[in-house]
Amino acid sequence: MEMIKVTIDNKVIEVEKGTTILDAAHTVGINIPTLCYLHLHDLNITNKPAGCRVCVVEVKGRRNLAPACVTECTPGMEVSTHNIRVLNSRKTVLELILSDHPTDCLICPKSGSCDLQSLAQEMGIRQIRYEGEQSTYREDTSPAIIRDVDKCIMCRRCEMMCNDVQTVGVLSAVNRGFMAVVAPAFERNLDHSECTYCGQCVAVCPTGALTEVDHTNNVIRTLADPSKTVIVQTAPAVRAALGEEFGMEAGTLVTGKMAAALRRLGFDYVFDTDFAADLTIMEEGTELLDRITRHLKGDTTVKLPILTSCCPGWVSFFEHQFPDMLDIPSTARSPQQMFGSIAKTYFAEKLGIKRENMVVVSIMPCLAKKYECSRNEFKVDGNPDVDFAVSTRELAHLIKQANINFLELPDEDFDRPLGDSTGAAVIFGATGGVIEAATRTAYEVFTGKKLDKVDFEQLRGMEWIRRAEVDFDGFPIKIGIAHGLGNARKLLEEIRDGKADFHAIEIMACPGGCIGGGGQPLHHGDSSILKARTAALYREDAGKAIRKSHENPFIQKLYEDFLGKPCGHKSHHLLHTHYFDKSNPVEIE
Amino acid sequence: MASINIKLNIEKLGQLQAICKEFNNDKGELINVLHKAQHLFGYLPAEVQEVIAHELNTSAAHVYGVVTFYSFFTMTPKGEHPISICMGTACYVRGAEKVLDEFKRILKVKVGETTPDGQFSLSCLRCVGACGLAPVVLVGDKVFGRVAPDGVKDIIEEYSK
């Protein structure tokens, strides 16, 4: 690799040819401020339209200031990153951006975690010298995501996520100049678009332009209602990220503190979605083995590969984009919905209460879960199996509002019976985790032998698409894994073209899986946070006494007492679903 | 890609698909495709953009983004008799704006709009190279020269059904 010498702020450094000024400066500890720029190193995701001009620097001999994020170093280049000309320009640029931005920071949902706000603070902006018209646009509220385009600074991060990473293609910059906004086609609302509510746009939005639909007030109101029995379930990925909202290091497991906090918030039963994840493995694993067995017996009608169906963003994606392949995914409901269904039948019966008097709240790393629980097929006489899905971020707000000192909480356990789970369930939160959990159970059921080593390292990792073969006692099971919907698309196209011979495929909509979900604490472009969360989940798994879903004694009891057998009549009714062709666009008004 | 629900007639749809094919269904040729499509339909309704997005394997949001960025592209159908008023320097100094105002007043539409009966649409353009005739008005391909505000009514009447 060719190395070149450049001088940045009087420091002579050697960098690889092709390195940008921004990256070169980083190597010597000089942080040039950025706004539109986003780089998730471990996932190879980059956004640098050089649109905001906050990262400008002075390059000797060049007439204009240069955007550091896209300007490559040249031999002998001399760069100043913070002389008076640079500082004045940055400030002016920021003031111009702020001149068309609402200043309602005090009550903005993004306050405290807004990149624009932090930058204005860092740059010492105390007044905005440019007064004038502000662009206004209608607010768009969907079941999961709110678009408040007045707060958009046209950084294009959401557009990059939606188009390049997820290939959903809902968001695009439209109109021009002062009228320009990021919007779905024909400026329809999100709920009239092909949006999957994966929430990756929200996860990268630097301002309050894209936020989640907030259900914290509904939860508080429900908790205060004495006529309701309020039950909470927490998704696997939440325990690996919630601590970040309280200043804890990324990757800190807060399972015990989270259970304690939920109990103090006043939930009547603190349960775990992990229990339902174990249940998912029973149903999905049985379905997988059934399809494989029938396939081996020569049944040509059987559809292989089977695709996982835990991820609601992914479900929406194939309903919109691959309507010809609706019979391939597993019919198993997601753990969130399995939990709700069991809670409002089995557990409500146990308590002797009506389903109308039970409220199920789920804590999710995900925004699509808000949409999922509102789907009609998950309601009985209009009463939803899961009433409210709140994000990890919303839970942190709830805890703060309730004066709970999270850091000082003791570690507590979940309640029984819907709170006990295995190591297989907790890794659902990381890409590859669901299929690893399924493999642990499917292996033992298929071969009738005991699995000595439950860790399947070949299924783990951050590569976008992974292919692995697992030996089922002489029968090789071919497994595919994809995270990020763009990669899911690639795998699905392979299947459609008959180029793939997988038996099972796991797909997660969000990069990294649920640990990188749209409802998680914001990573602000630091992908090492996602890796730390993943490691935390595998750590929790390794520390569990039981690590295979079918060995969970409470799952065994649930089948004995209530469900009968996996994929049986009752399971089919309560734990499985069907999919809809959503490919037709909405009628144009 | 998703299949789409199309409200175009089958003949026009075929022609549109042929335009896309002419450019090898290459999304890099989007602007050229839109140009030809607008020539075919007179404007670019949402359905046409959906078909183009589908054929070029890109998103409708992206196509809409391009259509709304360039002022040449329009999503409003042109009238049967498109009226263009020259706003070039020569026409302007000889009172083109007053002529335009009169068209707006009588037709009750703004620039870029079409009358509800679909008869007339109003637009401005820059210099048709007939400055000696300023101010100039075009109706379809026909050129009217030295138009005064009080002559506007006659022009409209000539084309009214």
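Predicted model: local features only at pLDDT ≥ 70, side-chain atom pairs only at ≥ 80, totals over all residues.
The domain assignment divides chain A into domain 1 (3-82), domain 2 (98-213) and domain 3 (217-575). Between domain 1 of chain A and domain 3 of chain A, the C-alpha centres lie 42 Å apart, and 7 residues of domain 1 are in contact with 7 residues of domain 3. On the domain 1 side of this contact, strand S3 (residues 38-40) of chain A supplies the largest share, with 3 residues, and the residues of that side comprise 4 nonpolar, 2 polar and 1 charged. For chain B the assignment gives domain 1 (10-69) and domain 2 (81-159), whose centres, taken over C-alpha atoms, are separated by 30 Å.

In soluble globular proteins, nonpolar side chains tend to be buried together. In the present model the largest nonpolar core contains 190 residues, and those with the most contacts inside this core are A:Cys158, A:Cys201, A:Ile231, A:Trp314, A:Ala509 and B:Ile52. The element that gives the most to this core is helix H8 (residues 273-296) of chain A, which provides 9 residues. A second, separate core has 16 residues, among them B:Val99, B:Leu100, B:Phe120 and B:Val137. When neighbours within four places in sequence are left aside, the contacts of A:Ala509 include A:Thr196, A:Cys198, A:Cys311 and A:Gly313, and A:Trp314, A:Phe317, A:Ala368 and A:Leu485 are also in contact with A:Ala509.

Helix H8 of chain A also holds A:Phe275, which is buried, because 29 other C-beta atoms lie within 10 Å and 20 or more are required for that class. Not counting residues up to four places away in sequence, A:Phe275 touches A:Phe339, A:Leu418, A:Gly419, A:Asp420, A:Ser421 and A:Phe554. By contrast, A:Asn175, which stands 100 residues from A:Phe275 along the chain, has its C-alpha atom 48 Å from that of A:Phe275.

Two further helices of chain A were examined for length and burial. Helix H2 (residues 84-99) of chain A has 16 residues, which at 1.5 Å a residue should span 22 Å, and the end C-alpha atoms are 22 Å apart, in agreement with this expectation. The buried residues of H2(A) are A:Arg90, A:Leu94, A:Ile97 and A:Leu98; seen down the helix axis, these residues fall within an arc of 100° and therefore line one face of the helix. An α-helix has 3.6 residues a turn, so residues three or four places apart point the same way. The exposed residues A:Ile84 and A:Asn88 are carried on the face of H2(A) turned away from the buried side, while the elements covering the buried residues include strand S5 (56-59) and helix H3 (115-122) of chain A.

Helix H16 (residues 528-542) of chain A has 15 residues and reaches 21 Å from its first C-alpha to its last, close to the 21 Å expected at 1.5 Å a residue. The buried residues of H16(A) include A:Ile529, A:Leu530, A:Ala536, A:Leu537 and A:Tyr538, and also A:Lys531, A:Arg533, A:Glu540 and A:Asp541. The buried residues of this helix pack against helix H7 (255-265), helix H13 (423-426) and helix H14 (433-447) of chain A.

Chain B has 7 helices and 4 strands, which follow the pattern α-α-α-α-β-α-α-β-β-β-α when read along the sequence. The C-alpha trace of chain B spans about 55 × 30 × 20 Å along its principal axes, and of its 161 residues, 30% count as buried. Among the contacts in chain B with a separation of 6 or more, 61% are accounted for by residues 24 or more positions apart.

Several loop residues show particular backbone features. The peptide bond from A:Leu304 to A:Pro305 is cis, with omega near 0°, and A:Pro305 is placed in the loop between H8 and strand S15 (306-307) of chain A. In chain B, the peptide bond from B:Ala134 to B:Pro135 is likewise cis, with omega near -10°, and B:Pro135 lies in the loop between strand S2 (120-125) and strand S3 (137-139). A positive phi, near 50°, is found for B:Asn25, a residue other than glycine, in the loop between helix H1 (10-22) and helix H2 (30-41) of chain B. B:Asn25 counts as partly exposed because 16 C-beta neighbours lie inside 10 Å.

Methods. Residues numbered from 1 in each chain as written. Chains lettered and ligands numbered in written order. Core = buried A, V, L, I, M, F, W, Y, C linked by C-beta atoms within 7 Å. Buried ≥ 20, exposed ≤ 12 C-beta atoms within 10 Å, placed from the backbone. Helix = DSSP H or I, 4+ residues; strand = E, 2+ residues; numbered from the N terminus. Contact = placed C-beta atoms within 7 Å. Domains from an automatic or database assignment. Nonpolar A, V, L, I, M, F, W, Y, C, P; charged D, E, K, R; others polar. Expected span 1.5 Å × (residues − 1). Arc of directions from axis to C-beta.
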